[in-house]
Amino acid sequence: MINTGKLAGCTVFITGASRGIGKSIALKAAKDGANVVIAAKTAQVHPKLPGTIYTAAEEIEKNGGRALPCIVDVRDEGQIKTAVDNAIKKFGGIDILVNNASAISLTSTLATDMKRYDLMNNINARGTFLVSKMCLPHLLKSKNPHIVNISPPLNMNPIWFKNHVAYTMAKYGMSMCVLGMAEEFKDEGVAVNAVWPKTAIQTAAIEMLQGGDSANYSRKPEIMADAVYALVCKNSKSVTGNFFVDEDLLRKEGITDFTQYSCVPGNEQSLMLDFFLDESINSQQNENKTENNNCATKIANLFSVIDGNLNSELVDKVGAIYQFNVKGEEEGVWFIDLKNGKGATGRGEPNQPADAVLTMDSQNFFAMFTGKIKPASAFMTGKLKITGNIQKAIKLEKLMVNLKSKL
């Protein structure tokens, strides 16, 4: 998406802009010569995540924009007010607001503690509402005001609720702000829209949680930056109340080649579709045409192959014990120990408590380990249930990537 210069001199207020999608949007705007308010919490270097509001500001100014780094926790009304006031003092107004800050925890009802519930709802739903409320008096004075929430389409399919209802409620809170505010401020010419990625997006936070292998099925955050840029360059009176998907929005701009956004060249066919899109379910159903003949033998052989490929290096990288509750025709319990010695597998429960317990139908189990079904896709569509440490469960994908060529 080529920069047109339409945002030159405009002021863009972005929450969570110190890294990831937020920073990518900031850099895209900076190339037009925009003023960018970096409203994020990260003022000091995180031990595992690169970037602060100050390093982001340096990059923005190197890319041709003007930057104002502001320490902002979107749960804190005072910090938001200070950031907005400082933006007005330095730049004279606010033209575009991007509500990007978000918190995620893909936990079931019983596994979600109220501290985590409150965190997600206070950042996602309340934070989006509050920042919008604070910026709107200034957006109403802009010639082309836009609010863009990085949130999904409102999809009432129960599958998007049943495994992580607390997260879905919090994220949909951001989307409901789009629905309501678009109608409320339509006559005043404020465009309020949402943009959501079609596929998984590779960010430093995702890499920390899932490891470098996540790049194999992800796109770069630049695709979201280009999509948001295309949107906010439009006349605000002509486009409001929409729930856009990044790829669809860019196709309307004439872009047909999306290989430039792939983290790994040639991986377009391996990209994982994101949450809340029914296309994800259809894709999963197409992938799920697994063979169920001799399933018991296949699963036994699978664990034999796994056992032969375990080593101390893999144990050091993963550091977890997994229990697999296989349901359906070939019911059984298996385990993989990637915490002790050179690793081990076996039938039955592990000798030590499992860090994560994965429950899946036998018809899908072999397909997951052979790469026909991605674990994240299986989880989000309800075919895989996880209890325990989800972050450690996600690390299991490292083993699956190593085994794919040997099965």
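Trainee: Is F276 buried or exposed?
Mentor: F276 is buried, at a relative accessible area of 1%. Buried means under 20%, exposed over 50%, and partly exposed in between (1.4 Å probe, protein chains only). This is a predicted model: local features need pLDDT of at least 70, side-chain atom pairs count only at pLDDT 80 or more, and totals for chains, interfaces and linings use all residues. Residues are numbered from 1 along each chain as its sequence is written, and side-chain values use heavy atoms, leaving out hydrogens and water.

Trainee: How many aromatic pairs are there?
Mentor: The structure holds 8. Rings of Phe, Tyr and Trp (its six-membered ring) pair if their centres lie within 6.5 Å; planes under 30 degrees apart are stacked, over 60 edge-to-face, the rest tilted.

Trainee: What kind of pair do W160 and F276 form?
Mentor: A tilted one: 5.9 Å centre to centre, with 55 degrees between the planes.

Trainee: Where do W160 and F276 lie?
Mentor: W160 is in helix α5 (residues 159–162), and F276 is in the loop between α9 (246–252) and α10 (278–287), so the pair ties together parts 116 residues apart in sequence. Helices (H or I, at least four residues) are DSSP runs, numbered from the N terminus.

Trainee: And W160, buried or exposed?
Mentor: W160 is buried, at 0% relative accessible area.

Trainee: Why is the F161 and Y172 pair edge-to-face?
Mentor: Because the planes stand at 90 degrees, with the ring centres 5.4 Å apart. F161 is in helix α5 and Y172 in helix α6 (residues 165–184), 11 residues apart.

Trainee: Which residues form the aromatic cluster?
Mentor: W160, F161, Y167, Y172, W196, F275 and F276 form one cluster.

Definitions and conventions. Helix = DSSP H or I, 4+ residues; strand = E, 2+ residues; numbered from the N terminus.
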